[in-house]
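Subject: Handover of a structure

Dear colleague,

Please find below the sequence and the structure that I am handing over to you. My notes on what was found follow directly after them.

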Amino acid sequence: MAVISEVESEAGRKIKANGQAKNAILQFLTELGIDRIIYVDDRCSIQELKEAFIAKLKEKYDLKPLEIDFIEWNSPKPKFEKSIIDTWESSTDKVKRDLFLKILNYEGNPDDIENSTAPLNLKNHLNDKINLLSPSEWEESKDQIIHELNSDTKILFLFDIEFEHAPLASGRNGIDLAKELLNNQEIKDFVYCGIFSHLFNVDEEYSMRNEYHKTHQFEKSRFYTISKKRFHNDSYLPGLAEGIRNTLLINEVEHLKSESSKVLRKAFKDSLIEIDELNPDSFNHVIQKSSRKEGIWEMATLIRINNVVTKDKALQTLLPKSKRTKINESLTKIRKVEKIKTGGKTPFDKTQIKELRKKELFIENSILNQLHFPISNGDIFSINGKEFILLGQPCNLALRSNGNRDRGYDIGFFIELESIPKEKFQGYSRGQLATLGLIETTDASSNNYKVARFSTFKTVSLLPLDLTVFDPKGRATINLNNLEHDSKTIQDSWKLRYKKLHDEFLEYRNKIITFKKLRSSDKDGLKRLIYYGEMFSNYNINNDDVLNSSRNQITFDIQRITYYREPYSSDLLQQFMQYLSRNAFDRDFLMD
């Protein structure tokens with residue numbers, strides 16, 4: 001009984017999904033004012049399958065498969081071949097399709113089975129809203145169909161790429177037919193076009209669309225590539241509905257992208273003009289003087305000014321109502337189509353979204369270190385296989401023009417980062433959550449959260465961390481043979497800082513050399529003082545082998561691996577400050 005119930009439930013699910021898909025397709029057509037669908041496929045006319053039917057049975061004559069039971073396999077070959085033709089000619093279209101499907105089922109080719117059943121099923125569902133045409137039938141009727149196109153008669157065209165079972169005499173395929181249609185500029189406003197194929201997967205649809213755009217000069221806004229892999233597992237109609245949705249949306253999405261790009265292009269152009277028109281005194285004051293005074297990288301100030309001006313220009317560009325109306329019209333059309341349920345679901349590849357979000361959250365290692373970003377609130381370091389985030393007021397971490405921090409404040413807060421299972425995190429009490437800072441990530445599928453556990457905070461010297469600014473890979477290393485840092489790409493304040501670091505670590509190196517010359521048998525306490533002195537207080541690090549064999553280079557197991565951007569790093573600092581200033585309450589007498 002349970003098995004029967006499951007079968008009935010599955011059958012009911014498929015009926016419901018197909019019903020949703022059918023209604024969705026009809027709603028799509030209504031919302032966008034599309035008169036009908038024209039589907040061009042080599043399986044759309046059963047008569048086109050005659051040669052394939054005959055060829056498939058002939059090649060199986062020697063095998064004589066009993067599973068194909070509508071043929072007398074033991075007949076002499078001439079009689080056998082005549083009977084194949086007679087069987088086909090005497091059968092109705094429905095019987096012909098059933099016989100052909102029996103051959104395909106024996107061959108076990110799911111793609112062929114889906115392709116053969118799809119057109120008939122589609123016609124059964126959509127009736128007069130779809131016309132099924134074989135390639136040759138399209139060639140015969142295309143002029144009349146194109147002649148009918150106008151603002152009141154828009155059509156969605158669906159072309160299969162390969163015409164294996166009904167090739168055109170000209171050798172053209174579905175891409176060629178689509179190209180001919182899409183190149184007709186007189187009808188471009190009345191045509192939607194989808195191109196089908198089993199040659200690529202669902203997650204490759206967008207990349208194949210880009211490829212056809214390049215190789216066949218298709219306008220990207222006028223067609224979409226639909227994988228036939230959508231139609232497996234008895235999900236043909238919902239899968240088709242999802243493909244049709246993408247095909248119908250692509251024009252509006254590309255239009256939205258185009259209008260948005262126009263806003264940004266104008267904003268960028270106007271912002272460059274405004275920056276270019278700054279008089280030399282103003283530009284020098286903003287970029288050079290203010291940056292030097294605050295210890296900020298001049299290029300960071302330039303990017304800040306660009307962001308301010310560009311945002312203002314973008315808002316000014318949106319002032320005309322006509323501009324906002326165009327964008328809102330596209331948004332309205334997209335949302336109308338998107339909200340329609342199809343009974344299916346297209347997998348959404350979020351790779352690009354994750355990359356964009358990652359750029360919003362972090363500055364990656366290569367950019368951070370090759371551009372020699374100053375040490376900042378939100379820098380994340382790898383030390384002894386663990387990750388730590390540096391927190392501190394930006395004004396306390398910034399170098400001034402003399403290469404020092406205000407009041408010689410070379411101390412920061414170091415907090416260990418760790419992963420916590422989401423289930424465990426969600427079970428924490430309010431008090432427990434107040435001791436953690438959640439680090440935003442792009443991995444929504446992970447079962448863990450990355451957190452900064454505030455209770456692990458330590459105050460650390462910034463001197464070892466400062467070394468990472470000078471290394472293109474973010475390593476805490478210094479070549480003591482170089483008395484000055486002669487790079488032309490590092491801020492002057494950090495060049496001055498390098499001299500201070502050189503003096504500090506030269507002294508550190510000399511102490512190690514002196515220590516190694518000592519003959520005392522009890523040197524552990526002294527070693528601890530020299531290798532792990534005040535500079536490395538609260539660093540859990542192994543410094544035993546920091547000095548290279550030539551004694552001219554020091555390298556610590558510290559590497560700056562990324563930067564947690566604003567405003568997230570500032571928010572984390574604020575949470576940490578709240579943790580430090582939290583109130584203490586006496587224990588509740590009623591608690592066990």
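The lining of the second largest pocket draws at least two residues from each of helix H11 (298-317), H13, strand S6 (362-364), helix H14 (365-370) and helix H15 (394-397). Helices (H or I, at least four residues) and strands (E, at least two) are DSSP runs, numbered from the N terminus. The model is predicted, so local features need pLDDT of at least 70 and side-chain atom pairs count only at pLDDT 80 or more, while totals for chains, interfaces and linings use all residues. Residues are numbered from 1 along each chain as its sequence is written, and side-chain values use heavy atoms, with hydrogens and water left out.

H13 gives the largest share of this lining, 4 residues. In total 31 residues line the second largest pocket, and Ile-363, Phe-373, Ser-376, Tyr-563 and Glu-566 lie nearest its centre. A pocket here is an open set of points on a 1 Å grid over the protein atoms alone, where a 1.4 Å probe fits, with protein on both sides within 12 Å along at least five of seven lines; lining residues have an atom within 4 Å of a point. Its volume is about 900 Å³, a volume being the space filled by probe spheres set on the points, which are joined across faces, edges and corners.

The largest pocket holds about 1100 Å³ of space. Its lining has 25 residues, with Tyr-206, Tyr-224, Phe-348, Asp-349 and Gln-352 nearest the centre. Helix H8 (205-216), helix H9 (236-276) and helix H13 (351-361) are the elements that give two or more residues to this lining, and H9 provides the largest share, 8 residues.

I turn next to the aromatic rings. The structure holds 33 aromatic pairs (rings of Phe, Tyr and Trp, its six-membered ring, with centres within 6.5 Å; planes under 30 degrees apart are stacked, over 60 edge-to-face and the rest tilted). The pair of Phe-425 and Tyr-428 is tilted, because the ring centres are 6.2 Å apart and the planes stand at 55 degrees. Phe-470 and Trp-494 have ring centres 5.9 Å apart and planes at 65 degrees, so this pair is edge-to-face. Phe-470 lies in the loop between helix H18 (463-466) and strand S13 (475-479) and Trp-494 in helix H19 (residues 492-517), so the pair ties together parts that are 24 residues apart in sequence.

Yours sincerely
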